[in-house]
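Biologist: Please show me the protein, and then we can go through it by question and answer.

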Amino acid sequence: MVNLMIIYYVVMSVAILILAILSWLIWDKRFRNRHGQDVPNGFIRTDEVTVDPTTNKKLRVYYNHHTGDRFYKEEK
């Protein structure tokens with residue numbers, strides 16, 4: 001019975017760790033693809049400016065009103 005409980009907790013810990021890693025990778029990939037230097041066609045400039053907490057760079061937000069997507073361009 002004790003062995004079964006240990007196996008259960010080990011499996012659940014590994015599953016949570018895998019889920020956390022996958023979630024972090026997916027979020028990071030999604031964010032990285034949404035900012036750069038060249039603004040794609042169809043995006044309009046907004047007044048919104050944000051600071052990336054990991055790099056401390058100012059990012060200007062561009063918005064595509066057809067798709068609802070947002071694009072972040074680094075401000076100089």
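Modeller: A definition comes before the questions: a residue is buried under 20% relative accessible area, exposed over 50%, and partly exposed in between. Keep in mind that this is a predicted model.

Biologist: Is glutamate 74 buried, partly exposed or exposed?

Modeller: The relative accessibility of glutamate 74 is 23%. Buried requires a value under 20%, and exposed a value over 50%. Glutamate 74 therefore counts as partly exposed.

Biologist: In what order do the helix and strands follow each other along the sequence?

Modeller: The protein has 1 helix and 4 strands. Read along the sequence, the pattern is α-β-β-β-β.

Biologist: In which sense do strands β3 and β4 pair?

Modeller: Strand β3 covers residues 58-63 and strand β4 covers residues 70-74. The two form a hairpin with 6 residues between them, and glycine 68 in that turn has a positive phi of about 85 degrees. Leucine 59 has glutamate 74 of β4 as its bridge partner. Over 5 bridges, the sense of the pairing is antiparallel.

Biologist: Which residue meets glutamate 74 in a salt bridge, side chain to side chain?

Modeller: The N to O distance in this salt bridge is 3.8 Å, and a salt bridge needs such atoms within 4 Å. The partner sits in the loop between β2 and β3, 17 residues apart from glutamate 74 in strand β4. The partner is lysine 57.

Biologist: How many residues apart in sequence are the parts that glutamate 48 and arginine 70 tie together?

Modeller: Their side chains meet in a salt bridge, at 2.9 Å from N to O. Glutamate 48 lies in strand β2 (residues 44-51) and arginine 70 in strand β4, so the number of residues apart in sequence is 22.

Biologist: Is arginine 60 buried or exposed?

Modeller: Arginine 60 forms a salt bridge with glutamate 75, with the closest N and O atoms 3.0 Å apart. Glutamate 75 is partly exposed at 26%. Arginine 60 has a relative accessible area of 10%, and the cut-off is under 20%. Arginine 60 is therefore buried.

Biologist: Which residues are linked with Arg60 in a network of salt bridges?

Modeller: A search of the whole structure finds 4 salt bridges. One of them joins glutamate 75 and arginine 60. In the network, Arg60 is linked with Arg45 and Glu75.

Biologist: What percentage of the protein's residues count as buried?

Modeller: The protein exposes about 6,500 Å², of which carbon and sulfur atoms supply 62%. Of its 76 residues, the share that counts as buried is 12%.

Notes: Residues numbered from 1 in each chain as written. Predicted model: local features only at pLDDT ≥ 70, side-chain atom pairs only at ≥ 80, totals over all residues. Heavy atoms only, no water. Pairing = 2+ DSSP bridges. Buried < 20%, exposed > 50% of the residue type's maximum accessible area, 1.4 Å probe, protein only. Areas by Shrake-Rupley, 256 points an atom, 1.4 Å probe, with all protein chains shown as cover.
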